[in-house]
Amino acid sequence: MSTQSQNVTSDDGVVKEASMLKQKAMIADNYEKLTSAPETGAKVAATYVPGNLNELIMCFDMLNNLPEINAIQNGMRKKSGAMITDAEKMGHSEDVCTYVKADIGNMAKGSIAPNGKPLPVPDLLLLSYTGCFTFMKWFELLRDQYGCRTTMLHVPYAADGNTTQNMRDYVVKQLKEDVIPALEEVSGVKFDIDRLREHLRHSAAAEDDVVWVLESGKNLPSPIDAYFGGVYYIGPIFTAFRGTEAAVDYYRLLRGEIEDRIAKELGPVTPDGEPVEEKYRLVVEGPPNWTSFRDFWKMFSDEGAVVVASTYTKVGGVYDYDGFRHDPNNPLESLADYCLGCYTNRNLPTRVDMIEKYMDDFQADGFLVNSIKSCNSFSAGQLMMMREIETRTGKPAAFIETDLVDPRYFSPANVKNRLESYFQMIEQKRRGGGPAKAA
Ligand code: SF4
């Protein structure tokens, strides 16, 4: 790759790499397209990140609006707290996933996008159900609110860790008989399988580079942070860009920047744009906290803790573990395989095997769980996972608790204390002194 790293100072004075700025521009452009849909006449499908059928949606000239991404954007802009309290006043319980409450609270005030303009009412709620029950309840609420057409793709849960031909056939049948006819009807565009093949070609090219990027964490030192930096890296492919040339270009640019860092033996960039001097290599399970994202990241980078692999960067598609790629020669079947293989659709023993492999392959010093108070889908079984990883690898593990976009559940002093004692435990373990006990 010939692309060279080029750091740029953005409007907020933070040093950002060219790929981060490119990604920001791509996402802003997508919000402009979404919010101008009433004028342009573009049709909009609302769908979730895990199991999203972006390539298929684009075959019908439709735009893709992802409610979790809207909640994350509002979380990072510190607007989600008020939205969540509004939703609670409307009767939604404290335990409900805070992405849902941020979305419902935002909807009550006109569904304002990050560009300050209202998001359009979706023309289709396209629920691709991949393992989280909340997805279903969330769209029931949206259907009540919008009264728009709803289609569900039921993806069977990989309960015993395997997917079968029957499961694949079942998903393909629904794509042919339910999902594609719904998209044709709503958009007025006839399905063209060659158009889908073309998008899938772009997906596979970008997926190769995504895997290369995520696996670069195996270098010593790691040139990437696969959690805090990782959420930027997965942004385009997990959202409205999988299957586009723009995503292929983005990952080529990113790969060039990382190659440059490897050649210079630099660690990942910190929130301040400086390279981290790697002291601890971690594997992290669970989504990050978004409302204090920068402070949370600094608690790691200030201590020289680098996340070399994370499960969260697999939530919108698992491409490294068993080598899945979208396949233009088997278009509908590969969409089915993608949905079946989503991280949230995999059982706990498979997730533990994945984490154990990351611990070994990335030469990690420890395993950290960031348990999300309101995400049952991720949090269930995390203590078992932690004990299992400790037993299998002999490496120290730790458990912290935060939330997605509810600022009330991010306690900086507690998290910092826990992390600091965990890093000390890793030090002790290295010197052969301490037992691998959870913090
Ligand atoms: S419960 Fe977790 S997996 Fe389910 S929608 Fe909320 S954040 Fe996503």
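The domain assignment of the protein gives domain 1, residues 3–188, and domain 2, residues 196–430. The structure shown is a predicted model.

**Figure 1. The whole chain and its two domains.** The centres of domain 1 and domain 2, taken over C-alpha atoms, are separated by 21 Å. Contacts between them involve 65 residues of domain 1 and 64 residues of domain 2. The protein has 17 helices and 10 strands. Its radius of gyration is 21 Å, close to the 22 Å that the globule rule gives for 439 residues, so the protein is as compact as a globular protein of that length. The C-alpha trace spans about 65 × 50 × 50 Å along the principal axes. Of the 439 residues, 58% count as buried. Among contacts between residues at least 6 apart in sequence, 76% join residues at least 24 apart.

**Figure 2. The second largest pocket, lined from both domains.** This pocket holds about 260 Å³ of space. It is lined by 15 residues, and the closest to its centre are Thr 163, Asp 322, Leu 340, Gly 341 and Arg 346. Domain 1 and domain 2 each supply at least three residues to the lining of the second largest pocket. Helix α13, residues 331–340, gives the most to this lining, with 3 residues. By residue class, the lining of the second largest pocket divides into 6 nonpolar, 6 polar and 3 charged.

**Figure 3. The largest cavity.** The structure holds 5 cavities of 30 Å³ or more. In the largest cavity there is about 120 Å³ of space. The residues that line the largest cavity are Ala 46, Asn 65, Pro 67, Asn 70, Asp 103, Asn 106, Ser 111, Leu 119, Pro 120, Pro 122, Leu 142 and Tyr 146. Two or more lining residues come from each of the elements α4, α6 and α7 (133–146). The lining of the largest cavity divides into 7 nonpolar residues, 4 polar and 1 charged.

Figure 4. Helix α5, residues 80–89, is mostly covered, with 7 of its 10 residues buried. The buried residues in α5 are Ser 80, Gly 81, Met 83, Ile 84, Asp 86, Ala 87 and Glu 88. These buried residues of α5 pack against α4 (67–76) and α6 (98–108). Just after α5, Gly 91 takes a positive phi of about 110 degrees.

Figure 5. Phe 60 is placed in the loop between α3 (54–58) and β4 (63–65). With a relative accessible area of 1%, under the 20% cut-off, Phe 60 is buried. Leaving aside residues up to four places away in sequence, Phe 60 touches Ile 180, Leu 183, Glu 184, Ser 187, Val 189, Lys 190 and Phe 191. Lys 373 is 313 residues from Phe 60 in sequence and 38 Å from Phe 60 in space, C-alpha to C-alpha. Asp 61 is found in the loop between α3 and β4 as well. At 47% relative accessibility, Asp 61 counts as partly exposed. Asp 61 has a positive phi of about 60 degrees, although it is not a glycine.

**Figure 6. Lys 78 in the loop between α4 and α5.** Lys 78 lies in the loop between these two helices. Its phi is near 60 degrees, a positive value in a residue other than glycine. Most residues other than glycine have a negative phi. Lys 78 is exposed, because its relative accessible area of 61% is over the 50% cut-off.

Figure 7. Leu 220 and Pro 221 are joined by a cis peptide bond, with omega about -5 degrees. Most peptide bonds are trans. Pro 221 lies in the loop between α9 (193–215) and α10 (230–238).

Technical notes:
Residues are numbered from 1 along each chain as its sequence is written. This is a predicted model: local features need pLDDT of at least 70, side-chain atom pairs count only at pLDDT 80 or more; totals for chains, interfaces and linings use all residues. Side-chain values use heavy atoms; hydrogens and water are left out. On a 1 Å grid over the protein atoms alone, a cavity is a set of points where a 1.4 Å probe fits but cannot get out, and a pocket is an open set with protein on both sides within 12 Å along at least five of seven lines; lining residues have an atom within 4 Å of a point. Grid points are joined across faces, edges and corners, and a volume is the space filled by probe spheres set on the points. Helices (H or I, at least four residues) and strands (E, at least two) are DSSP runs, numbered from the N terminus. Ala, Val, Leu, Ile, Met, Phe, Trp, Tyr, Cys and Pro count as nonpolar, Asp, Glu, Lys and Arg as charged, and the others, Gly among them, as polar. Domain bounds come from an automatic or database domain assignment. The radius of gyration is taken over C-alpha atoms; the globule rule is 2.2 Å times the number of residues to the power 0.38. Buried means under 20% relative accessible area, exposed over 50%, partly exposed in between (1.4 Å probe, protein chains only). Contact means heavy atoms within 4.5 Å.
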